[in-house]
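Here's a quick look at the salt bridges in this one.

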Amino acid sequence: NRKVDDMFLMYTWLSILASASEDDIVADLRDDRFWFGLATAPAHAEDQLNDSWLEFGKNGGVAGWGNTPQPEVRLKAWTAPEEDIALAAASGITVYRLGLDWGRLVTVCDMDSPIGCGVQNYEAFARYEQIIRMVRSY
């Protein structure tokens, strides 16, 4: 069972980190079995995204919304992802997890229509493909 294996692996790593010396931890982190990575979430990283997260924040659902100078401003992972991808690569990561915004790809979800809830915005699909190719180029 993959979930059990993942939980066991996490428990093992936590146990190692709790009891190991700093030299042991550094050696383990350099082991090929450890993947160091970063992840993006469209609601936090993609600009030009008018989604439910913005609405939720504007309606008081995010505690820090009122005391942040420009809470609606996000990273430019949609219009200019090159900088963030380059910074991620320079950090030495070996894994980059990219979240896709379903609302960009599926503008209207209607199970009774011939299209259903499949990809409808092929320009957005092509943009994600470009971004993925940028990531893979590092």
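**Salt bridges at a glance**

Arg74 and Asp51 pair up in a salt bridge, with their closest N and O atoms 2.7 Å apart. Arg74 sits in the loop between α4 and α5 (82-90) and Asp51 in the loop between α3 and α4, so this pair ties together parts 23 residues apart in sequence. The structure has 3 salt bridges (a side-chain nitrogen of Lys or Arg within 4 Å of a carboxyl oxygen of Asp or Glu). This is a predicted model, where local features need pLDDT of at least 70 and side-chain atom pairs count only at pLDDT 80 or more, while totals for chains, interfaces and linings use all residues. Residues are numbered from 1 along each chain as its sequence is written, and side-chain values use heavy atoms, leaving out hydrogens and water.

**Burial of the Arg74 pair**

- Arg74 is buried, at 11% relative accessible area (buried is under 20%, exposed over 50%, partly exposed in between, with a 1.4 Å probe and protein chains only).
- Asp51 counts as buried too, at 15% relative accessibility.

**Glu46 and Arg104**

- The side chains of Glu46 and Arg104 form a salt bridge, 2.7 Å from N to O.
- The pair links distant parts of the chain, 58 residues apart: Glu46 is in the loop between α3 (42-45) and α4 (52-58), and Arg104 is in helix α6 (residues 102-105) (helices are DSSP runs of H or I, at least four residues, numbered from the N terminus).
- Both Glu46 and Arg104 are buried.

**Within helix α7**

- Glu129 and Arg133 meet through their side chains in a salt bridge, 2.8 Å from N to O.
- Both lie in helix α7 (residues 122-136), 4 residues apart, or about one turn of the helix.
- Glu129 is partly exposed at 36% relative accessibility, while Arg133 is exposed at 56% relative accessible area.

Methods: Helix = DSSP H or I, 4+ residues; strand = E, 2+ residues; numbered from the N terminus.
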